[in-house]
Amino acid sequence: MKSRENREGIFGWLKFRGYSIEKILYISQRVSGVGILVFLITHILNVGLIYATTGILWEPPGLIGKAILIILGVIVIFHSLNGIRLTLVEYGFLVGKPIRAVYPYRMTTLSGKQRLAIYLVTTVFVILMYFWTMVAFHLLGW
Amino acid sequence: MERKIQFKVFKFNPSIEVTPTWRVYEVEVDRGTTVLDALLKIKEEQDPSLAIRYSCRQAICGSCGMMINGKQRLACFTRVLELNSKIIYVEPLSNYPIIRDLVTDFSELFSKERSVKPYIIRDDVEEMSNPTGMYLQKPDELLSYLQFADCIECGLCSSACPTVSTDRLFLSPMVLNKAYRFSADSRDSGLVHRLPVIDSEHGCWRCHFAAACSSVCPKGVDPAKSIQLLKRMITSTNIFKKSRKRIVEISSRPHVTLSFP
Ligand code: SF4
Ligand code: SF4
Ligand code: FES
C-alpha cells in the first residue's frame, strides 16, 4: 500500500521488469554478496563454537557441508567475475566516451564495451562452472 | 483507427485521504495519442478532479514523469499503443512524496541539486561578473559534457535508481549527472567546491551501477555514464593527484562587442 512518502524501500532493489540486464546483475551481485557474508559469519561462529566446546578444529565435511561448499563456490565465482566488471566500470572504463545525444538515443553504458564485458563474464562463468561441476562430483565421490 | 483502452489511474489526496484508490477509465485512442493526451481527455470528459502536472507536451519541460505500466516514463513522450497492452496502469513516480494523484514533490531533489553548485565556478570572479571577452571551447571540449547538458530534469532517473529507494539522502543520478556536467566543462574549475557534497557518504560512491537511470532516461543523457566518469575524475584528482584539465582562459575578441545591461 502506497503512503504519501511513496518510497520503494528494499523492493526498489529487486525490481527488474522494464529495466536492463545490468539491473538483474546488480540484484544478483547484492544477493550473492549477502550470501557470502552470511556464510562467513555462520561459518566462523560454527567452527569457533565447535572448537571451543570439543577442541576439534577440522573435520571432513559431511553431505550438507559439501552441498554448502559447492553452492558457495558457484556464488563466489559469480560474485568475483561480476565484481571485476563492476570495478572496471565504476572507475570509468568500459562506459564509453560522451557522445552527442541524437535521437534515436543510444546509451553507451547499455551497449558497446560494457555489454561485451557482460558477455565475457557470462562465458567465463559458464566455463568455470564446467570445471566446478567436476570438482563437485569429485567432492561428492560420484 | 480508434481503439478503446482501459486506464487504471492512481488517485490519492494525502491531505484528506488515508489510503489511495485506483479508478478505471475508458478512453478512445489512436496511433498518435500519448498517455498525456489520454489523461487530459479523462480530465476533460470523465473526471475533472484528476491531478496531473505537465507543460510543454513535447519532452522538453520534464514535468510529466510518471510510472506507466510500472516503468518511469514521460507521459507526453509515450504513445498509448506503443505500450501494447489493453490495460494501462498510471501511477505517480516512485520515491518522491505524493502531492496529489499523479503529482509528486521534487523540492528535495532540487535542493540536492543546488547543493552541488550547478553552475560554472571560476577563480577570475571579476571577469565572471564584468565580462570583457569570452571563453572559447574546442569541439572536443564541448563534446565532453554536451550529452550530459541535455538533461531536462524530469527526475525519472532518480525515481528508478535502487539506491534512492533505500537512501533518502543519496544525491541521486540527476544531481550527480549535473555535478559532472559542470565539473567536466573546460571553463569550470569548481570540482573542489563540489567535492564535500559529491565525495561524501551519500555522494557518488553510493552508485553501484544498476544502470536503471540510463535505461529510463528519455533524453539520451546516460547518467550512469556521467556518474562513473565523475568517480574517475575524483579518483584521479584525489588519489593519483593528476592535475585537472587545462581551464580555458578568457579570449577577448575585438570584433565582438559585448553589451550587458
Ligand atoms: S547507475 Fe548508479 S545512479 Fe544510476 S540507477 Fe544505478 S545505482 Fe542509481
Ligand atoms: S538524466 Fe535523463 S532521466 Fe534524469 S532527469 Fe535528466 S533527462 Fe530526466
Ligand atoms: S509535458 Fe513537458 S516533458 Fe512532458
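**A tour of the salt bridges and a charged patch**

A:Glu90 belongs to helix α3 of chain A and B:Lys231 to helix α10 (residues 223-238) of chain B, so the pair joins two chains. Helices (H or I, at least four residues) and strands (E, at least two) are DSSP runs, numbered from the N terminus.

This is a predicted model, in which local features need pLDDT of at least 70, side-chain atom pairs count only at pLDDT 80 or more, and totals for chains, interfaces and linings use all residues. Residues are numbered from 1 along each chain as its sequence is written, chains are lettered from A and ligands numbered from 1 in the order in which they are written, and side-chain values use heavy atoms, leaving out hydrogens and water.

Next, select B:Lys4 and B:Glu28, whose side chains form a salt bridge of 3.5 Å, N to O. B:Lys4 counts as exposed at 53% relative accessibility, whereas B:Glu28 is partly exposed at 32%.

Move to B:Asp188 and B:Arg194, which meet in a salt bridge of 2.9 Å, N to O. B:Asp188 is buried at 0% relative accessibility, and B:Arg194 is buried at 0%.

Then display A:Glu5, A:Arg7, B:Glu108 and B:Arg168, linked in a network of salt bridges. Over all chains, the count comes to 17 salt bridges.

Finally, select helix α7 (residues 173-183) of chain B, where 11 of 11 residues are buried.

Technical notes:
Buried means under 20% relative accessible area, exposed over 50%, partly exposed in between (1.4 Å probe, protein chains only). A salt bridge is a side-chain nitrogen of Lys or Arg within 4 Å of a carboxyl oxygen of Asp or Glu.
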